[in-house]
Every structure is written in structure tokens, then in C-alpha cells.
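Hi,

Here is the structure I promised to pass on to you. Have a look at it, and then read my notes below.

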Amino acid sequence: MRLLAALALLGAALNAAAAVTCTSTVTPVTVVYDPTSATQNVTTGSYTISCTRAAADPNTFAWQLGVDDGLQPGGGSNRAQRNPGQRYFYDTYRSSGNLWGDTAATRFTGTVSFGASLSASSSGPFDIVMTGSQTAQPAGTYTDTVTVTLRNGAGTAIGTTTFGVTVLTTNTCQLSVAPGNVSFIYTSFQAGTSSASNSFGVRCTTGLPYTMALDATSGSVLGLTYTLALSSPSGTGSGDTQTYNVNGSMAANQGGTCATGVCNGSQTRTLTLTW
């Protein structure tokens, strides 16, 4: 009877310790790559660690996240492939100069903090880096699949997932840096114009012309009229990220509709890239 009781208690303890469960998700990454460009190509993705626990469990969980070299590694790097013998090299990085792999020294590490909640998550960015001036392969779509392993703080594997890497070398464009908010600070009936701006990045194949346009160049927020303009409406691809601005202006002497000391409002605009 004593032996059975001890085993039952051990089983209960093991179940309690295993009640924290975590999974990882990683965004697929699409790279617009031009092998004629000598500039290193960096495209950013993101990962998320999502955890749940029982009320009696600790409110923190240490984790590690590693990746393999994909389905067709070579020369110490990952390779995206179109056909056998037609490949481009790339690597996964945690940050500038820090490779992302699956050794203790190259994994992401962190701690999920639950506080009083029974669920919590932790997210962060990573980079897909391709060196410039690689040997040109036939234009097309090159792909790879990377396996991601989630581990606990001790380094024991607790789950895996995958994410895709797609390298496009056909004539194409992408918003490599998404536009941020254009934020105005305005006081009713102020004497001067309020100006604001934010930037975005476009990466297109070398020599490919493209245009950019907003769905509207004016609008009204809290009864205050504004105008928007792009720093340039068009460009020609260089294989590298080219930076542009969205510039905004809000004219002076507007009263607005704010009935309290401070008001906040927003309006969504759409930027379209065409090639």
C-alpha cells in the first residue's frame, strides 16, 4: 500500500510539472532577390512562442528556439532550390552578425511570463540573409522548408514546426519595409501648419519600373483636414531596398471636433505598389 501511494504521488507530481505546454509558430518568408546586385539582401520574418499553464504551475517558462539548415543544405548554408543544380544560398540570423541555428550558442532564448494569466506568448524578429552577386540561375521561384525546434530552458525538445522560404528572381516587387503611421500633433486654431511623415521601403528587380499611389491624398480626422503626398510616385528597381516617404500636412486655423482636453483619432490609407 505504501509503495502504491508513493507511485501515485510521483505520477501526480509529474503531471503537474508537465502542465505548462508551449508551441511555436514562424512566419513564411518571401525574398525578392536580384543576383546582379552586390548588396546583401535582408528580409525579416517573425516567430511566436505561445504557452498555457494550470493555475498551480509556475508563472514563468524558459524556452529555446532553434532551426536546421533546410531541406537542401550545402557549404554550411541553407539553399533554396528550383530544380536540382539550380539553387541560391541563404542563412538564418537572430540579428546582425548572429547566426540562428540549433546549438546552445545559436538558438533564440527567452522566458514567457504569465503573471496572473493562464496563457502568455513571446514574439520576436529574425532575418533571412542572402549574399549579393551569387551566380545567376534561371529566373523563377526557388523554395526551401526549414524545421524549427522548440526546447525548454534545459534544452530538451518539446515540439517542432516548419516555415517556408521562397526566393523570387522573376521581375517582381515587394514592400520590403512597411509604411508606419503618419502622426500629427495639432492644437485647435493653431497659427502654423502641422507636418508629419513616415518612410517605407520598396525592393524590385533591377531595371524594373514601378509606380506607387495612395488610395486618397486627403481626408479628415476629428474634423481636421489633412493632405498626404508620396516623396516620389515611381521608381526603377535596383535589386536593393529603395526608401520613400509619405508626407502629411494639416493646415493652420482649424477648430476640429474635440470636446475634451485631448483627443485621438485615426484613418486608414492604402498604399498600392504596381509594376
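Strands here are DSSP runs of E with at least two residues, numbered from the N terminus. One of them is β19 (residues 271-274), where Thr274 has its place. Please bear in mind that this is a predicted model, so local features need pLDDT of at least 70, side-chain atom pairs count only at pLDDT 80 or more, and totals for chains, interfaces and linings use all residues. Residues are numbered from 1 along each chain as its sequence is written, and side-chain values use heavy atoms, leaving out hydrogens and water.

Neighbours within four places in sequence aside, Thr274 is in contact with Tyr210 and Thr211; contact means heavy atoms within 4.5 Å. From Val26, Thr274 is 248 residues away in sequence and 28 Å away in space, C-alpha to C-alpha.

Val26 belongs to strand β1 (residues 21-26), on the covered face with Cys22 and Ser24, while Thr21, Thr23 and Thr25 make up the uncovered face. β1 runs antiparallel to β3 (residues 41-52), joined by six bridges, and Thr21 has Thr52 as its bridge partner there.

There is also an open sheet of five strands, in the order β12-β13-β18-β16-β15, with antiparallel pairing (two strands pair if DSSP finds at least two bridges between them). Its edge strands, β12 (173-177) and β15 (218-221), each pair on one side only. Three bridges link β12 to β13 (residues 194-204), and Gln174 stands opposite Arg203 in β13.

Enjoy exploring!

How values were computed: Buried means under 20% relative accessible area, exposed over 50%, partly exposed in between (1.4 Å probe, protein chains only). Helices (H or I, at least four residues) and strands (E, at least two) are DSSP runs, numbered from the N terminus.
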